[in-house]
Structures are given as C-alpha cells and as structure tokens.
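Please consult the sequence and the structure shown below while reading.

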Amino acid sequence: MFKRLAPLLIGSLCAAAQASPQMADTQLQALASERYWLLLGHYLPSRLDGWRSYVDDDAFFLADEGATSPTAELQATLDGLYADPAQGNDHVQCKYPARTRWLREQLQLSDLPSPDCGEYRSWYDDINPHATVLVFPDAYLNSPSSMFGHTLLRIDSPDTQASGTTLLTYALNFGAMVENMDNGILYAWKGLAGGYPGQFSLLPYRDKIGEYSRLENRDLWEYQLNLTPEETARMVEHVWELRQVRFDYFFFDENCSYRLLELLEVAKPQLHLTEQFPLTAIPADTVRAVREAGLITDVTYRPSRERELLAQAEPLTSNELDWVTRLAADSAVLKDPDYQAIDSQRQALIQESAYRLIRYQSSGQERDQASADRSYQLLQAINQNPPPKLLIDTPTYPEYGHESRTWQLALGSRDDRAFAEYGLRLAYHDLADNLAGFPLGAQIELGTLNIRQYQGNHWQLEELGLVSIRSLTPRNQLLKPWSWQVATGLERVAGDDDKRRLVPHLNGGGGFSWNPVSDLQTFALATLRVEHHPDADEALSPAAGFNAGLLWRNGLGNLLMETSNDFFTNGEVRRSLKLSQHWELGTDLGLRLRARREFSHRSDPENEVSLQLRWYYY
Amino acid sequence: MKRILLGTVLAAASINAFAAAPGGPSCGWGNMLFEGQSGLPSHLVASITNGTSGNATFGMTSGTNGCDTGGKLTYAGKPMLVLGSIMNELSEDVARGEGEALTTYAVVLGVQPEDRAHFNAVTHAHFNDIFTSADVTAEQVHEATLNLMRQDAVLAKYAA
C-alpha cells in the first residue's frame with residue numbers, strides 16, 4: 001500500500017508547484033479507479049494486488065510507476081495538462097487527447113492552458129472520423145497462420161457511405177511489428193510466443209484490401225457498427241495516444257481481436273466485450289460478441305480475387321476453359337479465327353476469366369513485363385466487349401457458424417465391448433462438422449481430448465490431440481492447388497496381445513483434391529508418420545503411406561469416408577477404413593455416426609461403431 | 001508448405017525493397033500491372049501475426065510507409081498517391097465501365113454524383129487513350145483523363 005501512496009505523495013508535491021488542482025488522495029484514487037481511466041491505460045487487475053497495464057512501453061506512461069499505478073499515472077497526467085503550452089506538440093494535452101478530454105469533463109477543468117497541437121489536429125482532420133466498420137478477413141486455410149482470421153477497424157469519414165469511397169478510408173490494424181528478419185520458423189515461433197511487440201498502425205484501407213483479397217485470397221467481411229460519430233471520435237482520439245506504443249503480442253489471446261475490443265470499449269464504455277475472452281480471442285468469436293452486443297447494423301461481403309475468378313469461370317464449359325488458359329498464356333489467341341468464331345457473349349466471359357487468371361497467377365510475384373502486356377491486351381478486349389457484372393452470392397456470415405469449442409459425448413462398441421466417450425475440443429472445426437460459415441474441406445483442431453469408459457468401468461485415455469490441420473483444396477482446370485495435412489498428439493493404436501497402445505505421433509501428408517461433381521470432394525495424399533510405440537524395438541518408428549477418401553455434402557450434413565495406410569520401416573502395416581456421417585441438428589448441435597475398421601499385424605482386425613453428440617459452445 | 005516458405009522468403013525480400021522504395025507513384029503494395037507502380041513483390045510478413053513491416057505506419061501525415069505524401073492533385077487533403085495505389089483496379093473498372101475504383105477516381109477528381117454515370121461512360125469509351133500501354137504511369141493516366149475531360153462538354157468544368 002505504501003508503494004502505491006509514495007508516488008502519489010510525490011505527485012502531489014509536484015502538482016502544487018505546477019498549479020494543477022489540489023485533490024484529496026481519496027478523490028484521486030476514486031477517479032483513478034473509474035472504468036474509463038482504466039480503459040485508457042489498458043489496465044487489468046494484477047494477480048497479486050493492484051494493477052498492471054497491457055502496454056509494454058515506458059514511453060506510454062507519464063509516471064514512473066504508471067504501468068502498475070493508475071493513480072500515479074492520473075496525477076502525472078493532471079500535472080502535465082497544466083504544463084507550459086509552449087511545449088506544443090509535445091504537450092501532454094497534444095499527446096493524450098482522450099485523457100485530456102476525460103479529465104477535463106470529470107473535473108470541470110476550465111482553466112487549462114491551450115497548447116497548439118498542430119500534428120494531432122492535422123492527423124485527426126485527415127482521418128475525419130465519423131463511423132466505424134469492423135473488418136474481418138476470413139480464415140484462409142492454405143496459410144496456417146491465417147486460419148483463425150483476423151480483425152481490424154475501418155474509420156469512415158462523413159461522406160464515405162454516400163459517395164462510395166471506401167477506398168479512401170483508413171484501416172486501423174493491430175499486429176506484431178517485425179523489425180528485423182528472422183527466418184520463417186523462428187518468426188512463427190516468436191509470433192506465437194510473444195517475441196514480437198504488437199503495435200497499432202493506420203494504413204489506407206485499399207492497401208489492406210490488396211493484402212487480403214489479392215495476395216492472400218481471403219474474403220473480407222465489413223460490419224458497419226452503430227457507434228455514433230462522437231463515439232468513433234473518442235476512439236480515434238485514444239488511438240493517437242497509442243501511436244508507436246508497444247504492447248505484448250500473443251497469438252491466442254492478446255492479439256488483434258482483443259485489442260480492437262478494448263478500443264470499442266473506449267468508444268462506448270457501456271460495452272463489456274473483453275471480459276468474454278479471458279483465455280483466447282478467436283477473431284470469429286469476437287465478431288460474434290460484437291454482433292451479440294447489438295453493434296452491427298449492416299454487413300458487406302467483399303469476395304477475394306480467387307473466389308471472383310472461380311465464380312467468373314463457373315458457367316464455362318471445359319472447352320471454353322481451355323480457351324481461358326490459352327488466352328492467359330498468349331494474348332495473340334485473341335486473333336485466332338477459331339476464337340473469333342465463338343459467340344461474342346461467351347467470348348466476353350472467356351476473356352474476363354483469362355484476365356482474372358493472369359492477375360491471379362501474378363499475385364505475389366515480381367512485375368513481369370510479358371504478363372503485364374498480356375493483361376493489358378485482355379483489358380483492351382474486355383473494354384471492347386465487357387461481360388455482365390459478376391454477381392456472387394453472399395455465403396453464411398462467419399459469426400453465424402458454429403461456436404468454437406466442442407463438448408462431445410459418444411456411445412459405442414468396439415468389437416464386443418461397449419463404451420462411453422467423453423470429449424472436449426478447444427477449437428475449432430473438422431471436416432465433418434456443421435458447415436455453415438466454414439469452407440468445405442478445411443479442418444483445424446487444437447486441443448482435442450477424448451476419454452473412454454469401457455464396460456466394467458474401465459477408463460482409458462483414447463486421444464489427446466495437440467493440433468490437426470487438413471486443407472483439401474480442389475484442383476480444377478484453372479487452379480492447381482496442393483492439399484496437405486499435419487497432425488500431432490497422442491492416440492491409441494493396435495499393440496501386441498490385442499492391447500491398444502497410446503502412442504505419441506507426428507504425421508503429415510501432401511497431395512491433391514478434386515471436385516468431380518458439386519458437393520463432392522475426393523482426395524489422395526501421400527503421408528509420412530513417425531511415432532513412439534511401446535511394443536516396437538526402436539524408439540521412433542517411421543512410416544510412409546497414403547490417405548485417400550471422399551467428402552460428400554448431403555442433406556443431413558457431411559459424410560467423410562477415408563482410408564489410411566501406413567507402412568512402417570519395422571515391417572508393420574497398419575490400415576484403417578473410416579466412415580462418418582454427420583447430422584446437423586442445429587447451429588450448435590450435431591450428431592455423428594462413426595464406423596471404422598482397423599487392421600494391423602499386431603492384432604486381429606477390430607471394428608468400432610459409435611454415435612456421438614457434438615455440442616458447440618463458447 | 002512450400003507456398004508458406006516461399007511467402008516468407010518473398011517477404012524478406014520485400015521488406016528490404018520496401019525500406020528503399022521511392023515515393024510518388026511507386027508507393028503501394030502488391031503486384032502491379034502498370035510499370036509506374038513496379039517495385040514491390042510482397043506477400044506480407046503479416047500473415048502470421050497480422051503485423052506490419054518495418055516502420056509503424058500511422059496515417060498519411062505521420063506515415064513513413066515509403067510513400068511520398070507530396071502531390072499535385074489532392075482530395076480533401078489526401079494526396080494523389082491514391083491513384084497510384086488503385087491503378088490496377090481503376091484500369092479494370094474503366095475497361096468494364098464501372099466499379100469502386102472508378103467511383104473513387106471520379107470523387108477524387110471532384111466529379112459530382114449527377115455526372116458520374118457520364119464520367120464512367122466517357123472513360124470507358126476512351127480506355128485506350130487513358131491507358132495507352134502496360135507501362136503507363138499514374139501521372140500519365142491523370143493527365144490523359146484531364147485532357148479527355150476538357151474535350152467533354154459536361155466534364156470540362158471539372159478539369160479546368
């Protein structure tokens with residue numbers, strides 16, 4: 001307690017010297033424990049006693065103990081407000097406009113000096129804040145880092161909506177600042193472990209569109225929020241205070257989405273959004289929280305370049321798609337008599353698709369003169385014969401997809417033994433789960449735990465999965481993506497004497513997926529696996545194999561049928577055949593029938609059937 | 001996985017390129033169709049941590065994202081580097097006759113709502129005059145647009 005009072009006393013002395021208002025300690029403390037002051041300092045209750053700030057940057061605090069003492073920081077701010085106005089842009093009032101406004105209102109400070117805050121004013125006027133839009137670049141499964149999606153805010157000026165000039169707005173983004181280049185793996189690790197500081201940045205929104213829609217092929221969702229112009233202004237004021245200020249950045253919790261929720265609370269202190277995310281803040285969940293708080297008035301869907309290309313090419317026949325690839329490779333084909341013989345309306349579609357294909361292919365590449373020339377010639381052709389406007393249906397809003405965590409309860413039998421299985425999954429979605437709001441053929445699971453209770457009250461850990469990612473992206477005439485998967489954790493496999501053994505394993509694979517008819521996806525991947533099997537002679541048993549199957553979207557839900565085959569270097573051959581049909585009972589409820597047959601040299605083939613209830617919550 | 005690693009390598013290259021990127025029309029991200037915008041191959045480092053690279057960018061006035069903030073044409077105080085960064089989209093929209101980038105361009109040029117359909121039609125009809133090659137720069141596009149507008153009875157008042 002003394003520690004907290006000491007700076008206060010010193011602060012009070014200074015205050016006297018600078019003629020800021022005299023306040024009783026109790027009054028000061030009461031003010032410093034107001035929610036809004038704590039929001040402005042990004043304070044959270046510390047584990048032991050008192051407070052600590054999420055901000056990890058001494059420059060943000062005016063008091064030496066500012067990071068842990070809201071009261072000391074308040075006193076120091078109060079003193080600073082009365083500093084010599086000749087300090088100009090360095091004056092506390094110029095550096096902390098949100099604090100200044102709040103203290104001025106709370107304490108009715110009518111005698112504050114008026115420094116000239118030119119820098120802040122021109123910055124603020126340039127943004128001209130009026131309305132706030134929450135932007136959610138959808139998950140993009142081919143890049144594990146972006147699987148969970150991301151959120152940022154867009155600040156619109158008063159005429160943005162009416163004049164259709166979204167491209168002139170600013171995007172407010174919170175992300176890790178990477179100063180020097182580490183190699184990829186170190187980079188990924190540091191990103192997850194908090195090795196990079198997080199900072200806010202303000203960029204033209206069109207740059208963010210380019211980044212997400214073109215380079216990463218992620219759809220953008222734009223949620224118009226019903227914050228008033230005053231609330232938006234209050235938030236932007238505070239953003240200025242966070243300029244160049246470093247936060248800790250952690251991938252799972254203290255991430256972009258969490259920070260943006262804090263800003264929304266600054267805009268509108270009646271909101272209590274961050275409290276809902278004590279452990280993890282998955283961007284889609286934060287969008288859901290914003291939706292539930294009643295903030296969303298309108299949603300705009302901005303499809304990625306890849307989705308536009310696929311939609312544009314969708315009505316084309318195989319023969320026409322051939323023309324698309326030929327045109328994209330050589331624009332001289334435009335003069336080919338056979339091409340010119342095609343109906344001009346079809347030509348319009350073909351040319352447009354070819355143009356989109358070239359742009360797609362050159363995405364992320366250095367500018368290539370030949371490709372640029374081809375693009376230009378196709379644009380000229382499009383100009384002569386423009387296609388009808390491309391219309392793309394809006395998919396299910398991501399926040400209307402199932403919730404991120406899952407409880408599971410299954411009843412089943414393995415050979416002749418009945419069992420109950422209790423399961424929990426921390427995140428997020430597997431191939432057979434309720435599909436609305438998710439892409440078909442994408443899976444990302446973190447922290448799966450399954451415990452079985454066999455008849456006779458025999459308990460057994462069935463599975464402890466750390467991570468399992470599957471990205472099955474179909475190939476077609478235009479796009480030839482890879483499909484891949486990776487998983488690690490503990491799982492039960494066949495052992496000697498008909499016992500099932502729990503083995504730590506790591507496996508992965510790469511291959512192709514196809515889309516022979518709509519709603520059906522087939523896949524085949526070559527796989528590698530390494531595990532530690534207690535019945536094997538060696539410590540680590542490697543295997544090579546393959547995994548193939550099909551995923552069918554039917555009236556009930558998804559059906560997944562697949563076979564896995566592992567050929568171990570120690571001679572063991574392990575195969576399995578699995579079938580699951582998921583039945584979507586409601587947004588957050590599903591029922592799944594699972595059947596599998598397992599073969600191994602180590603034991604007799606075993607059959608298992610179970611019925612599993614899956615409840616998605618939180 | 002290959003894609004990811006490649007992305008990282010490209011990102012590494014682009015950071016360095018970025019630091020040295022000159023201002024004006026060369027400012028901006030992404031793969032560029034037009035010569036005037038060449039320079040930045042970039043799959044952003046961003047993907048994992050949604051981060052930004054190099055200097056923290058904080059809006060135009062205090063921004064240090066390699067963009068030259070000086071420019072002749074401004075809209076509501078925003079320099080004309082807007083054009084440089086939407087050139088690709090603009091060329092597509094002019095070719096097709098409509099779109100968000102074309103609307104933005106009309107607004108930046110001060111074309112009033114009642115004349116925007118006409119602006120779209122005129123630029124669409126003169127795609128080849130505005131975008132004369134794949135090597136055209138933002139300044140040339142701007143200049144050609146103004147010339148076109150001066151010759152049009154309705155649009156001339158915006159190009160004085």
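Which residues of helix 5 of chain B are buried?

## Helix 5 of chain B

The model discussed here is predicted. In helix 5 of chain B, which spans residues 116-125, the buried residues are Phe119(B), Asn120(B) and Thr123(B). Viewed down the helix axis, these buried residues fall within an arc of 100 degrees, so they line one face of helix 5 of chain B. An α-helix has 3.6 residues a turn, so residues three or four places apart point the same way.

Several other helices of chain B contribute to the cover over these buried residues. Included in that cover are helix 3 (87-96) and helix 4 (100-108), together with helix 6 (127-130) and helix 7 (138-150).

## Overall organisation of chain A

Chain A has 618 residues, of which 44% count as buried. Its secondary structure comprises 18 helices and 22 strands. Along the principal axes, the C-alpha atoms of chain A fill a box of roughly 85 × 75 × 45 Å. When contacts in chain A between residues at least 6 apart in sequence are considered, 62% join residues at least 24 apart.

The domain assignment divides chain A into domain 1 (2-116), domain 2 (126-302), domain 3 (305-384) and domain 4 (402-617). Between the C-alpha centres of domain 1 and domain 4 of chain A there is a distance of 55 Å.

## Positive phi values in chain A

Where in chain A is Gln108(A) found? Gln108(A) belongs to the loop between helix 6 (97-107) and helix 7 (118-127) of chain A. Although Gln108(A) is not a glycine, its phi is positive, at about 45 degrees. Gln108(A) counts as exposed because it has 9 C-beta neighbours inside 10 Å, and the cut-off for an exposed residue is 12 or fewer.

A positive phi also occurs at Gln244(A), a residue other than glycine, with a value near 60 degrees. Gln244(A) is located in the loop between helix 11 (229-241) and strand 8 (247-248) of chain A. Is Gln244(A) buried, exposed or partly exposed? With 15 other C-beta atoms within 10 Å, Gln244(A) is partly exposed.

## A cis peptide bond in chain A

Which residues of chain A does a cis peptide bond join? The bond lies between Ala427(A) and Tyr428(A), and its omega is about 15 degrees. Tyr428(A) is placed in strand 11 of chain A, which covers residues 417-429.

Technical notes
Residues numbered from 1 in each chain as written. Chains lettered and ligands numbered in written order. Predicted model: local features only at pLDDT ≥ 70, side-chain atom pairs only at ≥ 80, totals over all residues. Buried ≥ 20, exposed ≤ 12 C-beta atoms within 10 Å, placed from the backbone. Helix = DSSP H or I, 4+ residues; strand = E, 2+ residues; numbered from the N terminus. Arc of directions from axis to C-beta. Contact = placed C-beta atoms within 7 Å. Domains from an automatic or database assignment.
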